[in-house]
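Visitor: I have a structure open and would like to go through it with someone. Could we start with the strands and then move on?

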Amino acid sequence: MHKNLPPLPCLPPSPHTPPSPQKTHEKPSQTNQIGLCEGLEYKPLLAAKNLGIPVIGFPGSNFSISPKTLKALIKKIWTEWIGTNSDTTSNETLNDTDYTEQCEIILIADAGVGVNPQISTSHISTMKMIEGWGYDISLADWGQLNDKENGLDIDEIDLKTTEINLISIQDFKNRSEYNKPHKYAYYSDEPDTIAYQEYVEWEKEQEEIEEAIYTERKIYQFKDFLSQGFKKLAKKKANQLSKINPFGEGESYTGNRAKKLLEEIRNGCDVLDNTFMGDGKSHSVLEIGSEEGQIIYLSKNHRNPSIPEIKRIFTDINPRTQWGFYFNNEGLLVEASELINPDSLVIKPNCIRADMFKGLINKGYDVENSGDTINPICLNCPLFSKCSDTPGMYKHDKRKQTEAKYQRGFPDSLPRDKDYSKHILIFDEPSEQLSTTQEIIETWEEIIIELDRLRPYLTSQITETLNESETQVQTEENYQFIDRLVQQLKPLFKKKKSLDIPSDKRGQSLKYGLEHEIILGLISVEDKEKLSQIVAQLEFLESEFIGELMGKLDRDHLLGVEQFDHEKEYQELKKQLSKELPITERNKLSIRFNYLDEERNEFKKKIKMVNSYHNSQKNIDYVKEISQKIADLPPNGLINILKALLGDTNISLRIAGNKCKIVVNDPNKYAFLKDAKKIYLETTIDSNHLQKIIPSSRPLKVVHREIPLPLENLEITNINTPGLKTNNPTKTATNRSQKVLRELTNRYGDMALITHKGDIMDKDGYYFRDNIGSNKFEGNPNLAFKGTPNPNYGAIMDEYRAIYGNLDGFEAYYDRLIKAQILQGVGRQRCQRYPEQKFRLFMIATDLNLDFLKDYGCKISNHHSLEYHPEAGSPTQVARLETLSAIADLSARGTKITLQAIGDLRDVSREAVRKLIQKSGLTLAKLIRFMQKILSTGSIDTLIEGVDRKFEVKQLRQFLELEFEAIATETLADIKTMGWEVFEKTYLQTFPEPVLARIAAVLLALIDEERIIFDSSPPPQNE
């Protein structure tokens, strides 16, 4: 019944110390324990209440079926419940890095699990998995484990008369009918046999989907590869390497950077400097000055600049913050939460409504840009009138900070009503801070709730329309009209396989969801003119709705909202009384002044009350009430869906599972900076894209400073590892990576690893943060990257469509993003700063082409994970290598080499060996001859370690599928040399079938799609 439900956390009623599970007779503290038990209803609730510890309930006995969810729940319970109630941490800042060492997990098993091999195996797998995460893990035992008939579950025992002990994994294994897991188990955390088989099938399905998407993208990349290859064969000379610039943009210059940038600014241009990383672009900020305007340094890390002088000279522009800022464990100034001790704050809170802004903005509501009117959040704030003239409050401090000559901040924090025409804005890594799109996620249920919320606005009488010239009466018909549109969306949230999806889009639709064009093609709009009128009406009423949401506060709440009514008269009287006046006139003015002074003092008392209001229980209750309203509010997605159906090209839709992702582009977001003098500092940003997202009245000049080849002392080893095409690889693929990394560490010593944020492997940094702009790895002789830094394909596609209105040029744009991330990564060691030192960088990824990096002077060698560990290849590669090893073993023994003999050594059938060799395009006889050739000069190890001799055993490397890129390069050369007809007849057919299939498929795609015709005539004969 609960098969598809997630684990459910249950908390005890209060942090007291009731009876708890114990080891022998020692009673551990309840504040560091979390329990796991079967059940989603009463059992975990009773367990939490009786034991006094948080308990996570599961829909069945297999607790490891959802490892990511379990891991996240444990951390959430620790940080949000245990960490705030524990006596050991109450006086300290909560430390997320070592909570696994403090937290103990207790598995609360049902009666009889020890005599059930399937469940006991599952429990042991779960315990080992959790132990692998770094936690102490025990199993609660009160005599129930091996007693199926009379044993009691946790919700059936009497804790007053029952002694509970905690036993180890080994103790449970010794006392249970434990079955050893599958020999290929990863971290020994596979569930029971049925669940494991389901997982294997799921993993296979995911890899097939990834392969379908990957193939579509690789066709584009391989076309580009072939194009570059033909250019090289035609001997087209590239630019001089000393002047090469990322992607060939910009004019070169020498000398002082600040002088060059200011020269372009004075010439009336904005300027982008995309010199290679490590050349001191950020340091030049200190040399840039302006006589007439301000210098505003904009950076994602403006709060923690890496250059101390920037931090000292430039005034930071603080955003709204409800909880202030503090220094974390790494010494970085970060925004606090309600869990942080106020005494540790470096910057105090400046806005008691900041979280309300964030909550509404995250749901797609525009509360900041309300035109000339005051936004409803500020309007209802009791400190509204104090905000502009009280030090420490948001509006006052922001005004003072933005008056400074030198400022640092984030683009979104800049005032919108300021004239920037005289000021210089310096964007450091602009791609990390400039974005004109917002993503809104809405479920089918939330769309229905939102439609119900809009019903009064669709059916009410509106006396003023947008042009304020007509009277418009809306009836129930409008609601029914929108409801009919919405109901057409319903089938799109269900199983996609039943929908009419074009075959060339089916792979992407299964993985990334239904794309924008498919959704629009499945929805029929009966009256677009009527829909347009309804959308305009809803847009007009949005600010009114937010005002109603915030509610009208009592008059007591609004104390201080109004300024003293007679402040201007009071100040004028005060000024006049400071002068010499006739006695009669002075007395007359004094009477009025004293009256106003008394009223003004009374008003000040009220203001003082307001000062303490935000800490009052009344305000706390109000904040809770409004925060809950915002949390319950559906996203503001429906109006954007309706706009998309009307053809708004600034919106992109995607439906995946039960969620609709809506990406909305605001092309005018940075229009207020149009006249500013702008300097951009970044190596890899696309100048065309930059001009698309930030409008300017000034032309853009792209430059780069001439520097020596920056990577001449870097050696990159590109290790092709199966299964890493996606940012979320399977456990099997991760297992391969671990084996490769372990071997690299054995050969070269310890090295830092950068991988994806969600990767379960221990890492020193992650993509999209530590491979960009960071100096964390400067000078490291060895550095490893795992996986390709592929930005989320579907997310980037949606963003691109919303910005450009279509997908023309998207594949090239996406390919460039990947190259930009890789290029940023190889610059992390700052090799050019240590010209006498040699550096190594290892890229553990799948089918990654790094040839473009050669232009920067580095040496690149391409290898396969199988060369570093015999179990680090694909299943086919591992099986083929085992076959080669078996042939070598049989040859060394002098035993006759047969399919049966190979099968006996590999513990597989004769038929399995025959099919394996047959699918490679070879016969056993040919394979033996190839092996005899290599064995005559060395051992089997030479095959995978003797890199310099790879061409001597080319057929064997093809048999192991190690060198597709090398084969493709040779194919181009061969076609050019002998002509297509001769090549096809005399050479192409000699390739093993897997290689032949790939080459033929790619060439066929090129001929069919691009109409590329190869010259079939034989090459001219040399005299």
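Visitor: Which residue in strand 26 does Ala 752 stand opposite?

Guide: Ala 752 stands opposite Leu 783 in strand 26. Before we go on, this is a predicted model, in which local features need pLDDT of at least 70 and side-chain atom pairs count only at pLDDT 80 or more, while totals for chains, interfaces and linings use all residues. Residues are numbered from 1 along each chain as its sequence is written, and side-chain values use heavy atoms, with hydrogens and water left out.

Visitor: How many bridges join strand 24 to strand 26?

Guide: Three bridges join strand 24 (residues 752-755) to strand 26 (residues 782-786), and the two run parallel. Strands here are DSSP runs of E with at least two residues, helices are runs of H or I with at least four, and both are numbered from the N terminus. Two strands pair if DSSP finds at least two bridges between them.

Visitor: What sheet are they in, and which strands are at its edges?

Guide: The sheet is open and has six strands with parallel pairing, in the order 25-24-26-27-23-28. Its edge strands are strand 25 (765-766) and strand 28 (859-864), each of which pairs on one side only.

Visitor: New topic: how many disulfides are there?

Guide: A search of the whole structure finds zero disulfides, a disulfide being a pair of cysteine sulfur atoms within 2.5 Å.

Visitor: Is Cys 858 buried or exposed?

Guide: Cys 858 is buried, with a relative accessible area of 6%. Buried means under 20% relative accessible area, exposed means over 50% and partly exposed is in between, using a 1.4 Å probe and protein chains only. Cys 660 also counts as buried, at 3%.

Visitor: And what is the phi of Glu 429?

Guide: Phi of Glu 429 is near 55 degrees, which is a positive value in a residue other than glycine. Glu 429 lies in the loop between strand 15 (424-428) and strand 16 (437-443), and at 15% relative accessibility it counts as buried.

Visitor: Where is Arg 830?

Guide: Arg 830 is in the loop between helix 25 (810-826) and strand 27 (839-845). Arg 830 has a positive phi of about 55 degrees although it is not a glycine, and it is buried, with a relative accessible area of 6%.
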